[in-house]
Number of protein chains: 2
Amino acid sequence: MEKQALSVNNYKGTRDFYPDDMLYRNWFFSKVKSVVEEYGFEEYNAPLLESFEIYAAKSGEEIAGEQLYSFLDKKNRRLAIRPEMTPSVARMVAAKLDTLVFPLRWFSIANFMRYENPQKGRLREHWQVNVDIFGSERMECELEIFAVVAGIMRAFGADKSMFRIRVNNRKFFNDVISQVLEADPAQVKLISKAVDKRAKISKESYDAWLSELGISAKQIGLLDEISASSYEAIKSKLESGSEGAAELDSLFSLLDQTGFSGLCEFDFSIVRGFDYYTGTVFEVYDTSPENRRSLFGGGRYDNLVSMFRDDAVSGIGFGLGDVTFQHFLAIHALIPESIFESPKVYVTRFADVPLQEYYTIAAELRAQGIPVCVHLLGEEKLGKQVGLAEKKRFPVVVIAGVDELANGTVAVKHLEMKQQFEWKRSEYVSKIKALLSGGKDPR
Amino acid sequence: MEKQALSVNNYKGTRDFYPDDMLYRNWFFSKVKSVVEEYGFEEYNAPLLESFEIYAAKSGEEIAGEQLYSFLDKKNRRLAIRPEMTPSVARMVAAKLDTLVFPLRWFSIANFMRYENPQKGRLREHWQVNVDIFGSERMECELEIFAVVAGIMRAFGADKSMFRIRVNNRKFFNDVISQVLEADPAQVKLISKAVDKRAKISKESYDAWLSELGISAKQIGLLDEISASSYEAIKSKLESGSEGAAELDSLFSLLDQTGFSGLCEFDFSIVRGFDYYTGTVFEVYDTSPENRRSLFGGGRYDNLVSMFRDDAVSGIGFGLGDVTFQHFLAIHALIPESIFESPKVYVTRFADVPLQEYYTIAAELRAQGIPVCVHLLGEEKLGKQVGLAEKKRFPVVVIAGVDELANGTVAVKHLEMKQQFEWKRSEYVSKIKALLSGGKDPR
């Protein structure tokens, strides 16, 4: 060929989902979906592209400035591929504020792109489920969101020892930093960025970062002390009342009442990267020593629609991405092998039998919900056809030659069991169904 | 507010999917998915972004030149948001050519972006299922694909009178144009573009277009004559043998043998817009006088992986988009109202009952697979809570006050039937389950 061959590699930081990868992804999201639907959440979805401005306004500098895939369309509109769902759903809520019946329990499953330096657990394109309650400021929403988190973890077989929900509150954080460290609002914001990255960098880098921001050695010492303290100890340092502390008190009381407090713990270092959080913030941590990291998280944002209209709609929710969570499930051996099995039937063909006979057999099986492939290539010997079925991990093969068809039977071969049966035409479908639900991995 | 409010409108040609829109989309794709899985097709998925070159190489000028959303990333890689799936899946097949077990039956459900002028049935972002068989040149693949098409139409309740599969063959088209019109290869390609658009423009524009391409009046007359002729009549005009005619003969014979020929008809004007088709091409048409248009289509492409490596892999498949097909289903009244119903239970709250009691009731119902929302706002009177449930289209409301809990009962209200029951705690879950499966639309 004269022209140069193109690369078969996908774009850096993205993934090709071959059938086994897709079986995993479908299993993962359908499990999450079944839990959130049990809690009455409704699914929505948003466009892939949004105007650049909605990220510039709310997502924070790291996202909008460095990580956004943005470009001009032919009419010079500045667009961006969504890096997260919250601004899109905020727009959708704002657009129908007068007709939607609040509170809303909404979720979505979608892909997002960020210009990251790809590394373990961080890709440029990832899939994420977003779960939110909109239109209520009550702490019962926090409780409900935590109940959904617990329900998801339980659905995957993760027991209480494997994860912990670490909770803080942005107002509380801000009050503590401003009162105890005597920091001004600009400093508070800068300190929150450093605290958010604390777990990912060395103590030296962290201290150097804070120093560069103009935070004094005394303030850094106070911050270290606070970060290691209990909620009550930190609260006692506040001179005046804190709305954030009142919210945390109320939340902890609800968690106690409903038995969820065992899953949760206060953690002053939880602040979350997005600028839009205004109240409760939380992250779900793996407790495994191999993987002490945040699996997913979320929080409350009171000014959800404020960039679109002058109304107040409070929201709380979380985003759960597929990449980090797959790692968690793998470490805890929570991905069942059975999700990669498929109870399919392969129908072989003989050249001297009309094709219609095999289409009829396939239709009979499909009518009972059994997936069937009819052999496509016409010329091969039976052994080659069965070999192909085996390579493709079909558990069961149907063989119907001139003799079987004349006798009103079909031969059925179970490949792993290496057994062959000859069954009457009137009963082979139900017998195959029983064979397939036998449940042994045929590979 | 000092800053200017951002627009709540989504980007032109894209859609927000509110919960009812999403119920439709999920219903649509899950129905298609269940059919293709019955035929043993496996799901895959590809990244949102690909290198620009793979579209430039294969998709044709209209797509790559005018309709692509493409841009440079920070390392000056020219990327494009996928406008279709075929180049991506070709790349994936090429990347694992040595380990994949052919033939492959693959499908995907994904969104695509094209810079179109939005109009009825054409948006800038649309969702599409792609169904393909890779790695076999046999006409049985065509038959299988047509069987899947018929299966999908049947699954939506579309009977044989509502649609027709119109079939042609690119090689046959090229042979006819080059032999009968005495056109050179460049002219053949240009003529195919005009024929592809014939149904969308006036006869005058069509003739003017062909004239501009240097097609003589005599050739245009011949083309008109051919376009109105039967397959046999056109074939008889060929002087030498045509591989395309042999393929069509073989396909028509298979369709006859298996009873699918009643769904199909030859149509010389079917050529399909993409440059990569090399053999069979087809489009599924609505037969309704209100909507005589192509619903979806596909074809065979022999050089699937040739831009990536020097191997031959033939493929055949189709793409079925959500926008045009929704219009078809609506015209034929094939969208059941029931897809917008949800058998959910709303649990009301009294301020003097511990929240935990309601969480227990919710857990009891969820354990039986019933979706439940517990009332989030704490202060409202019962009437207001029931009103909210009604507005949110919950069919059933649970009421459990101090008295009911003391008596070991719960009150259950069916909102549409306007009936209230008081059931024992031991039986209310199964009674609610029966009530919900009663099946009347509670709105």
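Modeller: Happy to! Let's start with a pair of strands: in chain B, β14 (residues 396–399) and β15 (residues 409–414) run antiparallel and are joined by four bridges. Keep in mind that this is a predicted model.

Biologist: Which residue of β15(B) does Val396(B) stand opposite?

Modeller: Val396(B) faces His414(B). Now follow His414(B) to the other side, where Gln419(B) in β16(B) stands opposite.

Biologist: How many bridges join β15(B) to β16(B)?

Modeller: Six bridges join them, and β16 (residues 419–424) of chain B is again antiparallel to β15(B). These two strands make a hairpin with four residues between them, and Lys418(B) there has a positive phi near 50°.

Biologist: Is β15(B) mostly covered or mostly open?

Modeller: Mostly covered: five of the six residues in β15(B) are buried. A general idea to keep at hand is that side chains in a regular strand alternate between the two faces of the sheet.

Biologist: Let's turn to chain A. In what order do the strands of the open sheet lie?

Modeller: The five strands of this sheet in chain A follow the order β13-β12-β14-β15-β16, with mixed pairing. Look at the ends of that order: β13 (372–374) and β16 (419–424) of chain A are edge strands with a single partner each, so each has one side without a neighbour in the sheet. From one strand to the next, the twist averages 25°.

Biologist: Which way do β14(A) and β15(A) run relative to each other?

Modeller: Strands β14 and β15 of chain A are antiparallel, with four bridges between them. Within that pair, Val398(A) sits opposite Val412(A).

Biologist: Which helix lies across strands of chain A?

Modeller: That is α16 (residues 428–436) of chain A, which lies across β12 (345–347), β14, β15 and β16. Helix α16(A) runs at about 150° to β16(A).

Biologist: Next topic: charged side chains. What should I know before I look?

Modeller: The general idea is that side chains of opposite charge can pair when their charged atoms come close. Over all chains, this structure holds 51 salt bridges.

Biologist: Which residue forms a salt bridge with Arg300(B)?

Modeller: The partner is Glu142(B), with the closest N and O atoms 2.8 Å apart. Arg300(B) is in strand β10 (residues 294–301) of chain B and Glu142(B) is in helix α5 (residues 139–155) of chain B, so this pair ties together parts 158 residues apart in sequence. Arg300(B) is buried, at 2% relative accessibility, and Glu142(B) is buried too, at 0%.

Biologist: How exposed are Glu364(A) and Arg425(A)?

Modeller: Both are partly exposed: Glu364(A) has a relative accessible area of 30%, and Arg425(A) has 24%. They form a salt bridge whose closest N and O atoms are 3.2 Å apart. Here Glu364(A) belongs to helix α13 (residues 355–366) of chain A and Arg425(A) to the loop between β16 and α16, 61 residues apart.

Biologist: And what about Arg138(A)?

Modeller: Arg138(A) forms a salt bridge with Glu140(A), the closest N and O atoms lying 3.0 Å apart. Arg138(A) is partly exposed at 26% relative accessibility, whereas Glu140(A) is buried at 7%. Salt bridges can also join into a network, which here links Arg164(A), Arg166(A), Glu265(A) and Asp267(A).

Biologist: Is Gln385(B) buried or exposed?

Modeller: Gln385(B) is buried, at 0% relative accessibility, and is found in helix α14 (residues 382–391) of chain B. Its side chain reaches the backbone oxygen of Glu380(B) at 3.1 Å. Setting aside neighbours within four places in sequence, the residues in contact with Gln385(B) include Tyr346(B), Thr348(B) and His375(B).

Biologist: Last one: how do I describe the way two copies of a chain are arranged?

Modeller: Two copies are related by a rotation about an axis and a shift along it.

Key
Residues numbered from 1 in each chain as written. Chains lettered and ligands numbered in written order. Predicted model: local features only at pLDDT ≥ 70, side-chain atom pairs only at ≥ 80, totals over all residues. Heavy atoms only, no water. Pairing = 2+ DSSP bridges. Axes fitted to C-alpha atoms, helices over the stretch in contact; angles between N-to-C directions. Contact = heavy atoms within 4.5 Å. Salt bridge = Lys/Arg side-chain N within 4 Å of Asp/Glu carboxyl O. Buried < 20%, exposed > 50% of the residue type's maximum accessible area, 1.4 Å probe, protein only. Polar contact = N/O pair within 3.5 Å; in protein donor to acceptor, adjacent residues only side chain to side chain.
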